[in-house]
Amino acid sequence: MSARPARAECAPGDERRGEPLGDGHGAPADEHCITCGDVGIVMRVLELDRHAALCAGPDGVAQSVATDLVGAVVVGDELLVHAGVAISALGAPA
Amino acid sequence: MRYIDEFRDAQLGQALAGEILAAVEPGRHLKLMEICGGHTHAIYKYSLGDLLPDNVELVHGPGCPVCVIPMGRVDDAIALARTDGLIFTCFGDMLRVPGSEQTLLDAKAQGADVRMVYSPLDALRIARENPGSEVVFFAIGFETTAPSTALTLKRAKAEGMTNFSCVCNHVTIVPPMRALLDSPELALDGFVGPGHVCTVVGTRLFEFIPTEYGRPIVISGFEPLDVLQSILMLVRQLDERRCEVENQYTRVVSRDGNPRALEVMAEVFELRPHFEWRGLGSIAHSALRLSDAYGEFDAEQRFDLPGVSVADPQACQCGEVLKGVIKPWECRVFGTACTPEHAIGTCMVSPEGACAAYYNYGRLAAPRAAV
């Protein structure tokens with residue numbers, strides 16, 4: 001059996017959920033994987049392209065997100081992103 | 001960040017815990033199952049179980065798609081990854097899942113071109129960049145992930161890609177839920193429902209749980225206050241003898257889900273007659289394959305896969321953990337022969353697997369008194 005890979009191999013940093021509960025108790029670094037954790041990450045739209053938007057997550061890292069499944073979005077919208085694809089716009093369920 | 005910080009407030013968490021304590025009926029033991037691996041992870045990471053009264057028991061369900069994939073399909077993936085000139089792509093969580101002898105990470109170390117991707121769209125990009133190579137994406141996940149695969153295949157078809165294909169392991173949540181509810185060994189009082197699956201399919205899909213099985217379900221978000229509030233909503237339903245689908249995760253979930261996602265899934269996928277679930281056996285109509293219109297992108301048609309069936313390791317009790325019959329630490333190999341570094345069972349491989357979540361966050365907090 002192989003040794004466990006480094007966390008960075010498990011999922012890129014923008015899938016991490018970040019800070020521990022409120023008072024900052026000492027939970028280890030987050031280690032979600034996108035499928036097994038059914039992870040959706042909240043990202044804010046920075047720029048728009050045709051079927052994609054440049055979005056930033058809680059860690060500030062920007063990435064391209066496909067927006068085909070949520071219809072029209074505008075800069076400043078907050079999207080729920082899973083596996084590089086927006087599946088819902090926050091505050092306005094699809 | 002908005003929608004995150006306010007759902008991690010410790011004082012509000014304590015207040016919700018107090019409300020749960022006040023709402024729970026004294027002397028009544030409540031057994032609640034969280035279906036989704038993301039909830040399992042949040043419960044352990046934030047020690048939410050410690051905030052609950054002793055008579056509210058959380059049971060961890062089968063909602064980790066990596067945890068339920070049978071060994072035979074992992075062996076098929078490894079055999080495919082070893083094909084000369086082929087680029088095999090998958091999510092990072094698949095790399096360490098043990099087949100009968102090896103993992104995809106082992107195959108990669110031995111020279112197979114296995115690449116981790118964050119999105120199926122990244123796999124399609126790799127195919128564009130490597131027109132001389134076959135590029136296969138190993139698709140896995142529930143209804144949350146299936147739309148991203150469907151969208152990718154739709155784009156591949158529109159672009160006329162000929163070197164891209166997909167091994168489809170997407171599973172659907174309702175059939176295993178029914179299998180669990182039909183299981184005589186399971187006595188559950190209610191469910192914390194999968195919020196992100198419901199973003200796609202809507203809460204409507206879960207209305208059979210109260211109507212046919214008489215159990216309440218609350219569709220929940222994944223931040224700690226989401227989970228606590230969902231447990232409170234469940235406890236209140238049970239206390240008031242109500243039984244319905246409630247939606248805690250209203251900021252992204254509606255009753256009808258995401259129609260665009262459902263439309264693209266309907267175009268690209270069809271139900272498999274049967275699919276093997278680790279620990280749960282074969283369940284009818286519980287997984288997706290590519291529709292005839294997308295047959296040219298089906299790696300199972302394009303390549304000659306061994307298709308072997310491999311029994312689960314005898315020492316491993318993942319099946320009983322997945323059904324909530326035993327707790328992770330009650331498995332005979334938990335924390336000894338089976339650890340995240342040397343996993344025997346899939347529940348220990350995935351960080352969202354119940355065993356790994358408990359191993360990483362909970363094992364030092366509670367004695368293994370039940371062993």
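Predicted model: local features only at pLDDT ≥ 70, side-chain atom pairs only at ≥ 80, totals over all residues.
**Ground rules.** Local features need pLDDT of at least 70 and side-chain atom pairs 80 or more, while totals for chains, interfaces and linings use all residues. Residues are numbered from 1 along each chain as its sequence is written, with chains lettered from A and ligands numbered from 1 in the order in which they are written.

**Sheet.** I looked up the strand order and found β4-β3-β5-β6 of chain B, an open sheet with parallel pairing (strands are DSSP E runs of at least two residues, helices H or I runs of at least four, numbered from the N terminus; pairing takes at least two DSSP bridges). Its edge strands are β4 (114-116) and β6 (164-170) of chain B. I then checked β5 (residues 134-141) of chain B, which pairs with β6(B) over seven bridges. There, B:Ala139 stands opposite B:Cys168.

**Helix pair.** Next I took α6 (residues 146-158) of chain B and α11(B): their axes come within 9 Å and cross at roughly 60° (axes are lines fitted to C-alpha atoms, for helices over the stretch in contact; angles run from 0 to 180 degrees between N-to-C directions). Among the residues that meet are B:Leu151 of α6(B) and B:Met265 of α11(B) (contact puts C-beta atoms, placed from the backbone, within 7 Å).

**Tyrosine.** I found B:Tyr249 in the loop between β9 (245-247) and α11 (259-268) of chain B. B:Tyr249 counts as buried because it has 26 C-beta neighbours inside 10 Å (buried takes 20 or more, exposed 12 or fewer, partly exposed in between, with C-beta atoms placed from the backbone). Beyond four places in sequence, B:Tyr249 touches residues including B:Ile219 and B:Asp226.

Methods. Contact = placed C-beta atoms within 7 Å.
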